[in-house]
Amino acid sequence: MEPNNDTGISEFLLLGFSEKPELQPLIFGLFLSMYLITVCGNLLLILAVSSDSHLHTPMYFFLANLSFADICFTSSTVPKMLWNIQTQSKVITFAGCITQMYFFLLFAGLDVLLLTVTAYDRFVAICQPPHYMVIMNPQLCGLLVLVSWIISVLHSLLESLMVSWLSFCTKVEIPHFFCELNQMIQLACSDNFLNNIVMYFAAMLLGGAPLAGVLYSYAKIVSSILGISSAQGKYKAFYTCASHLSVVSLFYFTSLGVYLSSSAPQSSHASAVASVMYAVVTPMLNPFIYSLRNKDIKTALMRFSGMTVLKGPIF
């Protein structure tokens, strides 16, 4: 379906973080390093989970899918920014902008839903341990991931199509390092009321509902942990959830920072900087959070790399 771009504008300009030439090499090196760490870290996590039969469980199945989503999430924005810096060009085509927005929304939504699914997995593991393997069977796990994909694809398709039908005037500068949905809607010179309604409704539905599910799951988990008599049992139960809780907190707090900064006046630069936290930094930190706090992951990574597994705690 061809976008209804009545003004004939065929390209936009991504302003990025700074127009100072002396800062471009620093920005390029910083984001290239973070991107390589993100891809390598999450890829190692996927390979470790897939190669170790001890990790073929629902929790690590969801973790591997989350790592794949993180790689694609970061890849939807950072490579284009690095290319623009390297070529000293800020141009992105209209079709390229819509495509970038589509994949960014897809994998951002997938991240949110997979974090929610993982919270449900931890809820069943802590609150209903005798029935865990019966409830979290391979069919249900596959169905939860499939539904997450379908919802994310439909949402990103709807938002991208609605933006593609907007008309854009002479101002085609995007004060961001990627084609961010809210920035695109505000740049339109045609009526964007419906776009704003859909965007905020989707944010509440795909952001608020999963967050409510995560909070409910952890409220039940905390209640169950407090009911455990032994201190060792409490520690073991909490330890299985600590990594996931850290990742959820990091993702939602940084995302909230983006929306708070975007609501302030003259906030384009602040919003771009805040977006780096959840679009680049969070996917980079996820594999480290899981691997450094998880003995099974550390052991699998050592086996995969051919290192000798030491007895006793590593960290």
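Tutor: Let's start with Ser164, which counts as buried because its relative accessibility is 4% (buried means under 20% relative accessible area, exposed over 50%, and partly exposed in between, using a 1.4 Å probe and protein chains only). Before we go on, keep in mind that this is a predicted model, in which local features need pLDDT of at least 70, side-chain atom pairs count only at pLDDT 80 or more, and totals for chains, interfaces and linings use all residues. Residues are numbered from 1 along each chain as its sequence is written, and side-chain values use heavy atoms, with hydrogens and water left out.

Ser164 belongs to helix α6, which covers residues 138–164 (helices are DSSP runs of H or I with at least four residues, strands are runs of E with at least two, and both are numbered from the N terminus). A polar atom of the Ser164 side chain is 2.6 Å from the backbone oxygen of Leu161.

Now go to the loop between α5 (132–135) and α6, where you will find Asn137. With a relative accessible area of 23%, Asn137 is partly exposed. The side chain of Asn137 comes within reach of a backbone atom as well: the nitrogen of Leu140 is 2.8 Å away.

What about α2? Most of this helix is covered, with 15 of its 18 residues buried. Its length can be checked too: at 1.5 Å a residue, the 18 residues should span 26 Å, and the end C-alpha atoms are 26 Å apart, so the two agree (the expected span is 1.5 Å times one less than the number of residues). The same check works for helix α8 (residues 193–226), whose 34 residues should span 50 Å and whose end C-alpha atoms lie 48 Å apart, which agrees. Among the buried residues of α8 are Asn195, Asn196, Pro210, Tyr218 and Ile225.

Helix α4 holds Cys127, which is partly exposed at 24% relative accessible area. Cys127 and Ala237 sit 110 residues apart in sequence, yet 9.9 Å separates their C-alpha atoms.

Residues 91–120 are 90% helix and 10% strand, with end C-alpha atoms 43 Å apart. Residues 197–216 are 100% helix and 0% strand, and there the ends are 27 Å apart.

Finally, step back to the whole protein. It has 11 helices and 3 strands, following the pattern β-α-α-α-β-α-α-α-β-α-α-α-α-α along the sequence. Of its 315 residues, 47% count as buried, and Ser164, where we began, is one of the buried residues.

Definitions and conventions:
A polar contact is a pair of N or O atoms within 3.5 Å; within protein, one must be able to donate a hydrogen and the other to accept it, and residues adjacent in sequence count only if both atoms are side-chain atoms.
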